[in-house]
Amino acid sequence: MMIQMLCAALLAAATSPAVVPAPQEMKVNEGTYSLKAETLERKDCRYTLDKSLPKEGYRLSITAGGIAVASADEAGRFYAEQTLRQLGEAKDGKLSYPRVEITDFPNFGWRGALLDEGRHFFGKETVKGMIDLMAYHKMNVLHWHLTEDQGWRIDIPGMPELVQYGSWRKESPCHGAKLKSYGNFRYESSALNGQKYGPFYYSEADLREVVAYAAARHIRVVPEIDIPGHMCSAIAAYPHLTCFPENVKERSARSDWGISTDVLCIGNDETVRFVERVFDFICDVFPSEVIHIGGDECPRINWEKCPKCRERMKKEGFTKAGQLQGWITRHIAVHLAKRGRRIMGWDEILADDAPKTAIGQSWRTQSGNGAGTALVGGAEAARLGYDMVMTPHTETYYDYYQGLTDDPFQYPGGMIPLKRAYAFDPCAGVVPEARKHILGSQAQMWSEYIWNEYDLQWKMWPRACAMAETLWTKPEKKNFDCFMKRMEIHRRRLIGMGVNCAPLR
Ligand SMILES: [Zn+2]
């Protein structure tokens, strides 16, 4: 009975006011503080710096005398403002705030979301909208997946063929057969739809605009160019970059989803120069220290047969074609290090002797098998000394089903209801001495089955709220019941902002 009462009291304190992600420490006092204004401006708060606070941390004090913010840095000040946006209630020309004392800072430094624009292209206004929502939830990394078999989305000066051939496809898979119609969509068959998709791509100016927009909201953009697999769109532009150019029948990006065996030829020096030129452009445009080189799902079947690849293997003393992936990974790591950059790649790169400076992104499994096997578990990789971003697909791929009844949208499979998303722990299975290598996690928005912004928001929110709380709030402060109570209020806020937020379930 006592425990139940205590829980109820804790819940009441934690749910009101509803801040998402939950602050580390929040004391709610009696009464409110009101401003005679519709919106809060910087002049309405007293700002100070307090270097004793953790990085990105802030202290927010709302009393009868007004609003005071102390922060460790500019990001901390920005996050205090996001909390204020959630606390303020506008009514009758007044802004009313509960009197609170908050001390807050993030649990993880890498609080991200991945957006795949290879399969579907959303455009910079949607990306900016996503950045705004991420910032509102104190997330700080946009992992921007910009190239895929199904679309090359960046126009690189001096390489016009990339978008000429790679930024469009002849057709796309139809929406699933289950629904006959929803809005403007038709879900009639599982066949290809016969409709040209694209050309869609970003100019250099567009990319710079998004990077600046994100930076103003304390979000760094980590671009991904996925090599050496998932490269059909580049191979459409430059067929000589693959082992068997005669296999390239269509000079356009791939029309259906899946994994292609046509990958970059690692034995060809021209491929190496091509990859260097692409990453040089990426370094010119993106200030991020971390550059994502992909590395996932690369079949080696062509490398085994290709004379150039076999020649490279012989020269390097390799016994397995797979070692060529490690070779190109290390080559690009060295190339990028000259520009002060650090590579990041999907967990496949760790199985092929990636340098220890690489950041691994665990997607196939978190605990899994050890390094040196085909499958590297994130926890094991962290134990071996790799910095890791933990994104197991079973917990963090929000293109998967969310367990709603009568869900009008289509999903590739999987099942990540909100409760499962919330329960995810990036440090699960990680030995204490390796926890310093767990940088954080991300919400993954793969877009084979995401057609537009409306669809994207439905799948991202509210599950990304759960991710934001997992990454910001200390695990001992997390409580699903309390989260759901706050989310009842917070979801209404999101809907009020025009976000197509899915129901809580
Ligand atoms: Zn080859």
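I began with the place where α9 meets α10. On the α9 side I noted C309, R312, M313 and E316, and on the α10 side Q323, L324 and W327. This is a predicted model, so I'm reading everything here as computed. Sorted by class, the α9/α10 contact has four nonpolar residues, one polar and two charged.

Next I looked up the geometry of that pair. Helix α9 covers residues 307-316, and its axis comes within 10 Å of that of α10, crossing at roughly 75 degrees. I wrote the pair down as roughly perpendicular, because 65 to 115 degrees counts as that.

Helix α7 (residues 269-285) packs against helix α10 (residues 323-337) at about 40 degrees, and the axes are 11 Å apart. That angle makes α7 oblique to α10. I also checked the hand of the crossing, and α7 passes α10 in a right-handed one.

Which residues of α7 and α10 make the contact? From α7 I listed V272, V275, E276 and F279, and from α10 I listed H331, I332, H335 and L336. The α7/α10 contact divides into five nonpolar residues, two polar and one charged.

Helix α3 runs over residues 124-136 and helix α5 over 204-215; their axes come within 10 Å and cross at roughly 15 degrees. Anything under 35 degrees counts as roughly parallel, so α3 and α5 go down as roughly parallel. Their crossing is right-handed.

K124, V127, K128 and I131 come from α3, while D206, E209, V210, Y213 and A214 come from α5. How many polar residues does the contact of α3 with α5 have? I found no polar ones, alongside five nonpolar and four charged.

I zoomed in on one neighbouring pair. Strand β15 (residues 342-346) pairs with strand β16 (residues 359-362) in the parallel sense, over three bridges. Looking across, I found M344 opposite I359 in β16.

Last entry: the domains. The chain is divided into domain 1, residues 2-104, and domain 2, residues 110-479. I took the distance between their centres over C-alpha atoms and got 36 Å. Domain 1 puts ten residues into the contact and domain 2 puts in 13.

Which helix gives the most to the side of domain 1 that touches domain 2? My note says helix α2 (residues 74-87), with five residues. By class, that side of domain 1 has seven nonpolar residues, two polar and one charged.

Definitions and conventions: Residues numbered from 1 in each chain as written. Predicted model: local features only at pLDDT ≥ 70, side-chain atom pairs only at ≥ 80, totals over all residues. Domains from an automatic or database assignment. Contact = placed C-beta atoms within 7 Å. Helix = DSSP H or I, 4+ residues; strand = E, 2+ residues; numbered from the N terminus. Nonpolar A, V, L, I, M, F, W, Y, C, P; charged D, E, K, R; others polar. Axes fitted to C-alpha atoms, helices over the stretch in contact; angles between N-to-C directions. Parallel < 35°, antiparallel > 145°, perpendicular 65-115°, else oblique. Left-handed = near helix turned anticlockwise from the far one by under 90°. Pairing = 2+ DSSP bridges.
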